[in-house]
Amino acid sequence: MKILGTAATPLVWAATGESISKDDAPVWCAYTGQSEEEIRQWGWLDALHPDDREQVMQTLSCAIAAKRTFSIICRLRRYDGAYYPFRVQGIPLLNNDGSLQGWIFLFADVSKQAAIEDEDQENRQLYRTVFEQATVGIVCLALDGHILRANQQFCRITGYAQEELAALSMWDLAFSEDLESSFQIGYDLLIGQAPARTLRRRFMRKDGTTLWVRLTVALMRTPSDEPAYFVFIFEDISERVAAEEEHARLLEREQAARMEAVARTQQLEAIFESMADGVLVFDAEGNIIQSNTALRKLLQMDRFVESFKLPLHQRVNLFELRDEDGQPLPEDQWPIMRILHGESLQGKNAVDTLTHQLDGRDLLLNQAGAPVRDQDNRIIGGVLVFRDVTERRQLERRIKKAFTTLLTLAEEVVRIPDEIGKLSPEEQPLNSIRAVGQRLVELTSHVLECRFASITLVEPGSERLILIARVGFPLEDKEWIAQEVEQSTLSDYLEPETIEHLRANEVVIRDVAQAPLVRRSDYNLGNLLIAPMIAGEQLVGVLALEKRSSAQGYTEEEIALAKAIAKLAHLVIERERLQQEWLAARASQLALEETNRRFDEFLGIAGHELRTPLTTIKGNIQLALRRLQALKRQESGDEAALGSKLEKIDRPLHYAEHRVNVQNRMISDLLDVSRIQAGKFTLVMRSCNLTEIVREAVEDQRYANPDHAIILEISEAGEKAQVIADEDRIGQVIHNYLSNALKYSPVDLPIIVRVEREGEALRVSVQDKGPGLPIEEQKHIWERFYRAKGVKAQNSSGTMGMGLGLHICRTIIEYHHGSVGVQSSPGKGSTFWFSLPLAPRTAPGAHADAT
Ligand code: ADP
């Protein structure tokens, strides 16, 4: 340190400070380059740095006022104009009364000391700034770990306030698991093993979360190299650690994803290879990039390697692509071309193409596929999936054909096959069913390519089997197989469970080779398919078949088809049966109608042909008789001789008249029957007295049969009773009853005719003492053309009738809403009767037609 003046005599000023003492002026002037003149009257102040002058003056003033020493640093200009700092210390010299005598000023050059202090200060400031502003946390720890100081950043990253930290040790913030290694580090530093350590460590924030830091630990020592304290520098790397962790996680995930992708790829490749469909992957030019085993096998790619290396057009041309109908496919319709043009051939758009394979096979291939595009949506190739549908289509076609054929057959059956018509009528019903059944099994056998097929009916109730048709058995065995089957029931062949399935309308497939039928068949049957024929709830038959390739089982289509055929077979057979029944019924009805028609025709002709000449004959006979009477009256001379002559002519004439009447009666009956049959039988109804009609008829018969007694008994109630009736027709009935009684009973036994009231009806009966009729005959005598056996006419004039009279009588009475009957027993005679309802009392005479 340089002092102006000497140590013993420092620069001294005058009392007031205005001037410098004489002794000291040369020192001042020598240093400052001021002349002694210039330093007078505060002129020395000019040697001070202009910025410091005021401060110096004020300090002086204050010190004078306070009468105290002062110390101040100010800059003093050297003679060469450079300023250097000087510590100015002022010591006031006081008089005894306390007044200022003067000053002693000490100017010590502190330019060097100031530099050191400045550096110190600067260092301290730097240190403070670094400590406080550092972006890392800095904490000073006592050797026991107590926190001595911590910077703001440390507070920020740990979440603690300064004051809180003062009460904590660093170990409070550490994880217990890390304590041991922390102590070890401290120990290493203390024994001088290492000057500082940097490590990654975690601490606990105030809020309990983990703080990851890059920690630098250093040991500070005293100048005498004693350990003073630890400095911990915390660089918060939580984010980095989190990022690292995230990165690690991502890495792990990426690895997992990559492994999965590899596994997937392998899996896909395995699927690709094991797919049943052929898969082809191709580039934008249609060159093959990849193909799977199925495709290689399907297209025989390994055999024709070179062909598959050909460019697209040449290659596809080899396969002669055609559509399903065999028409060549134009290039732009090739599936691969369509895909390369951006079309997707999926679902319904998949194409069936006929292909000619390189080994000569013709295959129908179903081709589906789609283009493959890059990120810019450009087509870079495609995938085609090939499926061989040759067999499936064949089967579909077969089934379609089968259904069409079945339909055709059904239509044919409706038109009653001719050959059935050629069978004899007794044979027809079952044989026509057999013929239809046979056609069905033949068809089934053809369609399903059967080794054997049969239709067997199950008779309801008895469960007996009726073998209707079969194919696949040698002809010579036909008879005995039919016999054997027809002596059996279904349960002789099948177990109850199988029969139950059939009853539930389920198709049963029985591997006879594995589980034989209940009754063994001598035929080498294999896998049988048995389809039920169900009517309502009942099992009425079975269709059994075995296709040639039965070992491979039956497809769903075949099962469905068999079921449909069984159903159709049942319908067709049932229809055939009904048709046969109907035909039989129709035939007998037609025959009956024909008989009736011919008979009616005959009656019509007979009536006309016979009646006309009879009328003429009758007219002539009557004329002849009248003339004879007249002759008898005129020629009265030789009376006796003439009388006997005339008698001879008269009797045959009467007889002839009687015969004509009988004939006439018969013809009338025939005509009546004909009218009844034709629905043309009419009545003329009016109110009339029945007793009168009876009486007239009895009179007529008495007149015609004078030898046979006819007794008429009329009850009082019957006498006046009125009925509404056709008088002639009712008369005809009474005539008929009477002429039968006269005809069939002996002439000496009387006939009794009665008219009686019976409730609201009048009953007329004719009782004879003839042969009588057994009960069985009584039922039939009212039928047309029926004549009781063993009943003979009793008198010569009675001729055998045609069995029509009673039929006409019953019809007439029924047309009158009345009833007829007979009471008779053999040997005791018969009473034929009829009754008619009484006319309503108020009823006026009516005239009506009844048909
Ligand atoms: P027919 O013209 O044959 O007499 P009918 O229809 O009048 O026809 O009678 C049918 C049959 O009934 C006769 O053939 C006869 O066998 C029997 N019959 C009818 N009346 C009598 C009777 N009074 N006594 C016994 N048999 C009779």
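Helix α8 (residues 176-190) lies across β7, β8 (210-221) and β9, and runs at about 155° to β7. Helix α9 (residues 238-274) packs on the sheet as well, touching β7, β8 and β9, and its direction makes about 135° with that of β8. Contact here means heavy atoms within 4.5 Å. Axes are lines fitted to C-alpha atoms, for helices over the stretch in contact, and angles run from 0 to 180 degrees between N-to-C directions. Helices (H or I, at least four residues) and strands (E, at least two) are DSSP runs, numbered from the N terminus.

The model is predicted: local features need pLDDT of at least 70, side-chain atom pairs count only at pLDDT 80 or more, and totals for chains, interfaces and linings use all residues. Residues are numbered from 1 along each chain as its sequence is written, and side-chain values use heavy atoms, with hydrogens and water left out.

## Strand order in this sheet

The sheet is open and has 5 strands in the order β6-β5-β9-β8-β7, with antiparallel pairing. Two strands pair if DSSP finds at least two bridges between them. At the edges are β6 (147-150) and β7 (196-204), each of which pairs on one side only. From one strand to the next the twist averages 30°.

Strand β5 (residues 137-141) and strand β9 (residues 227-236) run antiparallel and are joined by 5 bridges. Cys 140 has Val 231 in β9 as its bridge partner.

## A second open sheet

Another open sheet has 5 strands in the order β11-β10-β14-β13-β12, and its pairing is antiparallel. β11 (288-291) and β12 (351-356) are the edge strands; each has a single partner strand, so one side of each is left without a neighbour in the sheet. Neighbouring strands of this sheet are turned by 30° against each other on average, direction ignored.

β12 and β13 run antiparallel and are joined by 6 bridges. Asp 352 has Asn 366 in β13 as its bridge partner.

Among the 19 residues that line the largest cavity, Leu 280, Leu 299, Val 316, Phe 319 and Phe 386 are the closest to its centre. Two or more lining residues come from each of α12 (312-317), α13 (335-340), β13 (362-373) and β14 (379-388). The lining is made up of 15 nonpolar, 3 polar and 1 charged residues.

On a 1 Å grid over the protein atoms alone, a cavity is a set of points where a 1.4 Å probe fits but cannot get out, and lining residues have an atom within 4 Å of a point. Ala, Val, Leu, Ile, Met, Phe, Trp, Tyr, Cys and Pro count as nonpolar, Asp, Glu, Lys and Arg as charged, and the others, Gly among them, as polar.

## Buried residues

Helix α25 (residues 805-815) is mostly covered, with 8 of its 11 residues buried. Buried means under 20% relative accessible area (1.4 Å probe, protein chains only). The buried residues of α25 include His 807 and Thr 811. Just after α25, His 817 takes a positive phi of about 60°.

Ser 432 is found in helix α16 (residues 428-447). Ser 432 counts as buried because its relative accessibility is 0%. The C-alpha atoms of Ser 432 and Gln 580 are separated by 8.2 Å, although the two residues are 148 residues apart along the chain.

Notes: 1 Å grid on protein atoms, 1.4 Å probe; cavity = no way out; pocket = protein on both sides within 12 Å on 5 of 7 lines; lining within 4 Å. Buried < 20%, exposed > 50% of the residue type's maximum accessible area, 1.4 Å probe, protein only.
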